[in-house]
Amino acid sequence: MLNTPIPRDLCPVHREIARSWRDNHYSPWNPSEWPGGSHIMDSRTSHAERAAGWDRKNLEQIELTISCCRSGRSPQCTPGHHSPVEAKEQDVPEAVVPDTRQDTFVPAPGAARWDVRLARTVLTGHGLPVLGDAGGTGYGVEPDGQRVLVVWSRRGGLSLPRAGTAARSRWDDALDRAEAALHSAESFTGVQRTRQRVSAEAVLPRTAQTTARMRRVGALDAFRRAVHFDGHPARTVGGMLTLATSGPSPESFWIVTDADGTEVARTRGGYRSGTELLAHHYGLPMPLDLIDEGRAR
């Protein structure tokens, strides 16, 4: 699957053509010859080989589209198209000061996840505005499983503009710039771009960034574990894991509560999963080293 960034200097027509080739994916569930439409396939060719062939040919078409637009002789180019980069740059607010709070972060309940903060730092470091609590125009970053999503919002609007309009051109340009920023950052991998958002996965450091200590508390049949994190006071940055069951055919799961006793999450993934959810609740960085201290003597 291609993740090739589309150059910002192309006219709207050629940008749309290039995107259509980038989105022209091979489907193993509906196999056909490139560029699609024919369901006749050589059964001796594997799906992986066919997908690689599609990517190679799609990339060739993208490069051809780019060269056609930049030649200045294509009849498909938008009339009057000269320097779209200069015009489009005006639609994105000016550079903002990079957010350096990633290194001076203070854990707190409900804090932004560590990779979300990292993505915001990357975007602001490239002069791209990140939305604050007040909203407005800029990039919103949110967690999505093990990845982060970057979306573009203009005055609070998240609806995809109609193709061929100036608003759509500005929208595409904004996402292209976010995609390029994450692609250039060594701290992110697996960058993917759709027409509505950009997603990526943060690269985990080789060594643990957070150390959690777990201790069994209460009665033996209570199955409760207190958790605290090295370097932070347990009364404000910590919590409890409590094993519980539910339903007519009980399945065990962990209830995760923070230092204030507020339920954070529930998980069937074991106490390590519960501890990681608690760490995310406070915005602590990953990866996490979990030390089981047993029961207090």
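The model is a predicted one, where local features need pLDDT of at least 70, side-chain atom pairs count only at pLDDT 80 or more, and totals for chains, interfaces and linings use all residues. Residues are numbered from 1 along each chain as its sequence is written, and side-chain values use heavy atoms, with hydrogens and water left out.

**The overall picture**

- The protein has six helices and ten strands; helices (H or I, at least four residues) and strands (E, at least two) are DSSP runs, numbered from the N terminus.
- Of its 297 residues, 37% count as buried. Buried means under 20% relative accessible area, exposed means over 50%, and partly exposed is in between (1.4 Å probe, protein chains only).
- Among the contacts with a separation of 6 or more, 51% come from residues 24 or more positions apart. A contact means heavy atoms within 4.5 Å.

**Helix 1 beside helix 2**

- Two packed helices are described by the angle between their axes and the distance between the axes.
- Helix 1 (residues 12-22) and helix 2 (residues 47-71) pack at an angle of about 175°, and their axes are 8 Å apart. The axes are lines fitted to C-alpha atoms, for helices over the stretch in contact, and angles run from 0 to 180 degrees between N-to-C directions.
- Helix 1 and helix 2 are therefore roughly antiparallel. Angles over 145 degrees count as roughly antiparallel, under 35 as roughly parallel, 65 to 115 as roughly perpendicular and the rest as oblique.
- On the helix 1 side, the contact is made by His 14, Ile 17, Ala 18, Trp 21 and Arg 22, and on the helix 2 side by Asn 58, Gln 61, Ile 62, Thr 65, Cys 68 and Cys 69.
- These contact residues divide into six nonpolar, four polar and one charged. Here Ala, Val, Leu, Ile, Met, Phe, Trp, Tyr, Cys and Pro count as nonpolar, Asp, Glu, Lys and Arg as charged, and the others, Gly among them, as polar.

**Salt bridges**

- The structure holds 15 salt bridges, each being a side-chain nitrogen of Lys or Arg within 4 Å of a carboxyl oxygen of Asp or Glu.
- One of them joins Arg 195 and Asp 23, whose closest N and O atoms are 3.5 Å apart. Arg 195 lies in the loop between strand 3 (188-193) and strand 4 (198-202), and Asp 23 in the loop between helix 1 and helix 2, so the pair ties together parts that are 172 residues apart in sequence.
- Arg 195 is partly exposed at 33% relative accessibility, and Asp 23 is partly exposed at 29%.
- Another joins Arg 215 and Glu 293, with 3.1 Å between the closest N and O atoms. This pair links distant parts of the chain, with Arg 215 in strand 5 (residues 210-217) and Glu 293 in strand 10 (residues 288-295), 78 residues apart.
- Glu 276 and Arg 272 form a salt bridge too, their closest N and O atoms being 3.6 Å apart. These two residues sit four residues apart in helix 6 (residues 271-282), and are thus separated by about one helical turn.
- A network of salt bridges links Arg 15, Arg 19, Arg 168, Asp 172, Asp 176 and Arg 193.

**Helix 4, an enclosed helix**

- Helix 4 (residues 114-125) has twelve residues and reaches 16 Å from its first C-alpha to its last, close to the 16 Å expected at 1.5 Å a residue. The expected span is 1.5 Å times one less than the number of residues.
- Nine of the twelve residues are buried, so helix 4 is largely enclosed by the rest of the structure. Among them are Trp 114, Val 116, Leu 118 and Leu 123.
- The buried residues of helix 4 pack against strand 1 (138-144), strand 2 (147-153), helix 5 (166-184), strand 3, strand 4 and helix 6.
- After helix 4 comes Gly 127, which has a positive phi near 75°.

- Asp 221 lies in the loop between strand 5 and strand 6 (224-229), and is exposed, with a relative accessible area of 62%.
- Glu 263 is in strand 9 (residues 263-267) and is partly exposed, at 40% relative accessible area.
- Leaving aside neighbours within four places in sequence, Glu 263 is in contact with Ile 255, Val 256 and Thr 257.
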